[in-house]
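Look through the model, then read on.

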Amino acid sequence: MNFFKAIVAAGLVAASTSAFAADITGAGATFPFPIYSKWADTYKKETGNGLNYQSIGSGAGIKQIQAKTVTFGATDAPLKAEQLEKDGLVQWPQVMGAIVPVVNLEGIKPGELVFDGETLADIYLGKITKWDDAAIAKLNPKLKLPSDAITVVRRSDGSGTTFNFTDYLSKASADWKTKVGSGTAVEWPAGVGAKGNEGVAGNISQTKNSIGYVEYAYAKQNKLTYTGLINKAGKTVQPTVAAFQAAAANADWAKAPGYYLILTDQPGEASWPITAATFILMHKEPVDKAASAEAIKFFKWAFEKGGKAAEELDYIPIPEPVVKLIEKTWSADIKS
């Protein structure tokens, strides 16, 4: 009899758990979409709670959280402390990764072609238009480059990947800084637009003699030819987790108001120059406190159990001391 009662009780617990299973809604950056998808899949299996995340670009993600249509927004272009205050938002970094230039050039293998920031800027300024231009040839004396025209591909939507890419170009090229500058959307002097990291990756894979920029996981998943870069220390580096970690090691999150920190063009001989964090935005006073609490549970789980999955996709987990700071921020600033 007791056994029967135990079975019934277990059934009621299971029923009540599934009744409260909630889908967490979020929208924004395409940069972290591969890892957020992987985390969501595992989390659903473990807890029964799903994550409904729209990969629509950082600009759109910021608009959606400001409009209170989602539980959280995601952006690779962090908001400054005064903007967070104005919108009643809390921000923190959830994971780090890197942006890589990618090309579709016959006979060129991943990592063989090398750029410096100035040459990359000149291609995107429309000043360098052919693959065998003297500036590219000088950096790649051993490669046989075609005389074909370069098809420049860039983002058409408001994008944190663009924010970090153009921030890097602004640091590497005075010409880019004065003529174009940095932002989630800029007045591009050259190129064809594509939506999301997905769109740029698709466009590059289908277009010969093209160049673009994507988050590294997209380059790997789509088997795109990434390039090497010459970093701030003048060293040629390849996009590897070690190079991303070398750049991320300089991040002093504790001294960054609202965790506002840009990781492009970091010092260090091993640093990858276009490393970036991706951020979560939530309201201090959420419209739906239950959904907000569920979202925090998901992010806490991702910090505690998602590191290995992040590394498998070549992202960099947020260091443990920073996670502790973030958890204090949640307790102090988000009303649940």
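**Salt bridges and exposure**

K305 counts as exposed, at 52% relative accessibility (buried is under 20% relative accessible area, exposed over 50%, partly exposed in between; 1.4 Å probe, protein chains only). This is a predicted model: local features need pLDDT of at least 70, side-chain atom pairs count only at pLDDT 80 or more, and totals for chains, interfaces and linings use all residues. Residues are numbered from 1 along each chain as its sequence is written, and side-chain values use heavy atoms, with hydrogens and water left out.

- The whole structure holds 18 salt bridges (a side-chain nitrogen of Lys or Arg within 4 Å of a carboxyl oxygen of Asp or Glu).
- One of them joins E46 and K305 at 3.4 Å, N to O.
- E46 sits in helix α2 and K305 in helix α12, 259 residues apart (helices are DSSP runs of H or I, at least four residues; strands are runs of E, at least two).
- E46 is partly exposed, at 45%.
- K284 and E85 also meet in a salt bridge, at 3.5 Å, N to O.
- K284 lies in the loop between β12 and α12 and E85 in helix α4, so this pair ties together parts 199 residues apart in sequence.

**Network**

- K127 bridges to D175, with the closest N and O atoms 2.7 Å apart.
- K127 lies in the loop between α5 and α6 and D175 in helix α8, so parts 48 residues apart in sequence are tied together.
- Shared partners join D122, K127, D175 and K179 into one salt-bridge network.
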